[in-house]
Amino acid sequence: MPKIIQITDFHLFADPNHNYRGILPAKTLKTVLVTIMNNHPDCQLILITGDLVSDDFLGYEVLKEILGNLGLPVYVLPGNHDNPKEMQQRLVGGLVYFSQNLILDGWSIVMLNSAVEGRVEGILNKQELQKL
């Protein structure tokens, strides 16, 4: 069975020293990733689901830099604070992939995007549900 680790809701900003609700998101994310790499060297991929940034699209560039040193595939899905177009332009590349379905060691992983541009709530539209 593959080892997949899922993390979510970092709410990054362009300024890695930006305080969000009493924490430094970039510093916290780095700590989480170091912990994952140290404690789960057999991890085959990381799945990041939603709210990667907090309406600050330059935060994707901060995230790209952070993820660039992991050396394993990362799949990202947008959340209600994300912009899928900006995410694809600024973040995807190298070992970072956007909302793709994949087969890993016999497991089918279907990633459904429920983000609705400009809205807080999400929805699974007909096109996304057809992926199932």
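**Salt bridges and positive phi angles**

In this predicted model, the side chains of Glu86 and Arg90 meet in a salt bridge with an N to O distance of 2.6 Å, a salt bridge being a side-chain nitrogen of Lys or Arg within 4 Å of a carboxyl oxygen of Asp or Glu. Both residues lie in helix H3, four residues apart, which is about one turn of the helix; helices (H or I, at least four residues) and strands (E, at least two) are DSSP runs numbered from the N terminus. Arg90 also forms a salt bridge with Glu61, the closest N and O atoms being 2.5 Å apart. Because Arg90 lies in helix H3 (residues 84-90) and Glu61 in helix H2 (residues 59-67), this pair ties together parts that are 29 residues apart in sequence.

Four salt bridges are found in a search of the whole structure, including one between Lys131 and Glu128 (3.1 Å, N to O). Glu128 is buried at 9% relative accessible area, whereas Lys131, at 30%, is partly exposed (buried, under 20%; exposed, over 50%; partly exposed, in between; 1.4 Å probe, protein chains only).

Most residues other than glycine have a negative phi. Asp9, however, has a positive phi of about 55° and lies in the loop between strand E1 (4-8) and helix H1 (25-39). Arg21, found in the loop between E1 and H1, likewise has a positive phi of about 55°, and its relative accessibility of 74% makes it exposed.

Residues are numbered from 1 along each chain as its sequence is written, and side-chain values use heavy atoms, with hydrogens and water left out. Local features need pLDDT of at least 70 and side-chain atom pairs count only at pLDDT 80 or more, while totals for chains, interfaces and linings use all residues.
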